[in-house]
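Subject: Structure handover and findings

Hello,

Please find the structure below, with the sequence alongside. My notes on what was found in it follow.

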Amino acid sequence: KVDLADAPTFALTLLASPDGREKTVVSYDARKGTLTLDAGRSSLDPETEPETVTVVHERASDTLRLRVFVDGSVVEVFADDRTCVTGRVYPTLAESCGVGLACLSGGMNLKLTQWRMRSIWR
């Protein structure tokens with residue numbers, strides 16, 4: 001959950017290598033009302049065709065609730081249980097498992113909770 005009263009732009013980095021060569025970025029721009037999944041640097045494999053997807057998300061309040069799921073090569077982002085953006089990513093480096101958060105403009109308060117999903121096969 002992110003408090004957007006100051007209309008910030010923030011970025012959540014997923015599946016990042018320590019040196020930053022691979023990373024997938026989920027960002028939200030409160031002023032524009034856009035949610036973006038940027039897989040442009042998600043893989044070092046030249047055979048992949050990474051894409052960036054941006055959708056409009058109109059908030060109902062000053063609090064944005066993001067639910068982000070990473071399952072194998074699939075990244076799904078749900079904003080306020082109303083807007084979804086999905087992409088496929090193929091990191092090549094074993095150490096591409098880092099997570100980061102940055103406030104790019106404005107100020108924000110947030111509450112972050114992480115869960116590990118269990119396999120359906122066990």
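In this predicted model, an open sheet of 3 strands has the order 6-1-11, and its pairing is antiparallel. Its edge strands are strand 6 (63–64) and strand 11 (109–110), each of which pairs on one side only. Strand 1 (residues 2–3) runs antiparallel to strand 6 and is joined to strand 6 by 2 bridges. Within that pairing, Val-2 stands opposite Leu-64 of strand 6. Strands here are DSSP runs of E with at least two residues, numbered from the N terminus, and two strands pair if DSSP finds at least two bridges between them.

On conventions: residues are numbered from 1 along each chain as its sequence is written. Because the model is predicted, local features need pLDDT of at least 70 and side-chain atom pairs count only at pLDDT 80 or more, while totals for chains, interfaces and linings use all residues; side-chain values use heavy atoms, with hydrogens and water left out.

Strands 7 and 8

Strand 7 (66–71) and strand 8 (74–79) run antiparallel, with 6 bridges between them.

Salt bridges

The structure holds 4 salt bridges, each defined as a side-chain nitrogen of Lys or Arg within 4 Å of a carboxyl oxygen of Asp or Glu. In general, side chains of opposite charge can pair when their charged atoms come close.

- Arg-21 and Asp-19 meet through their side chains at 2.6 Å, N to O. Arg-21 counts as partly exposed because its relative accessibility is 42%, and Asp-19 is also in that class, at 48%.
- Arg-59 and Asp-62 form a salt bridge at 3.6 Å, N to O. Arg-59 has a relative accessible area of 28% and is therefore partly exposed; Asp-62, with 42%, is partly exposed too.
- Asp-81 and Arg-65 form a salt bridge whose closest N and O atoms are 2.9 Å apart. Asp-81 lies in the loop between strand 8 and strand 9 (83–88), and Arg-65 in the loop between strand 6 and strand 7, so the pair ties together parts that are 16 residues apart in sequence. Asp-81 is exposed, with a relative accessible area of 52%, whereas Arg-65 is partly exposed at 34%.

Aromatic pairs

How many aromatic pairs does a search of the whole structure find? The search gives 2. Rings of Phe, Tyr and Trp (its six-membered ring) pair if their centres lie within 6.5 Å; planes under 30 degrees apart count as stacked, over 60 as edge-to-face and the rest as tilted.

For Phe-10 and Tyr-28, the ring centres are 6.3 Å apart and the planes stand at 45 degrees, so this pair is tilted. Phe-10 sits in strand 2 (residues 9–16) and Tyr-28 in strand 3 (residues 23–29); at 18 residues apart, they link distant parts of the chain. Both Phe-10 and Tyr-28 are buried.

Phe-69 and Phe-78 make an edge-to-face pair, with 6.0 Å from centre to centre and 80 degrees between the planes. Phe-69 is partly exposed because its relative accessibility is 27%, and Phe-78 is likewise partly exposed, with a relative accessible area of 25%.

Cysteines

The search of the whole structure finds 0 disulfides, where a disulfide is a pair of cysteine sulfur atoms within 2.5 Å. Cys-97 counts as exposed because its relative accessibility is 59%. Cys-103 is partly exposed, at 35%.

Surface patch

Leu-101, Leu-110 and Leu-112 make a nonpolar surface patch of about 290 Å². Patches are made of residues with over 30% relative accessible area and no salt bridge, where like charges are joined within 9 Å and nonpolar side chains (Val, Leu, Ile, Met, Phe, Trp, Tyr) within 5 Å. Accessible areas come from the Shrake-Rupley method with a 1.4 Å probe; for residues, only the protein chains shown count as cover. Leu-101 lies in strand 10 (residues 98–105) and, at 39% relative accessibility, counts as partly exposed.

Regards

Definitions and conventions. Helix = DSSP H or I, 4+ residues; strand = E, 2+ residues; numbered from the N terminus. Buried < 20%, exposed > 50% of the residue type's maximum accessible area, 1.4 Å probe, protein only.
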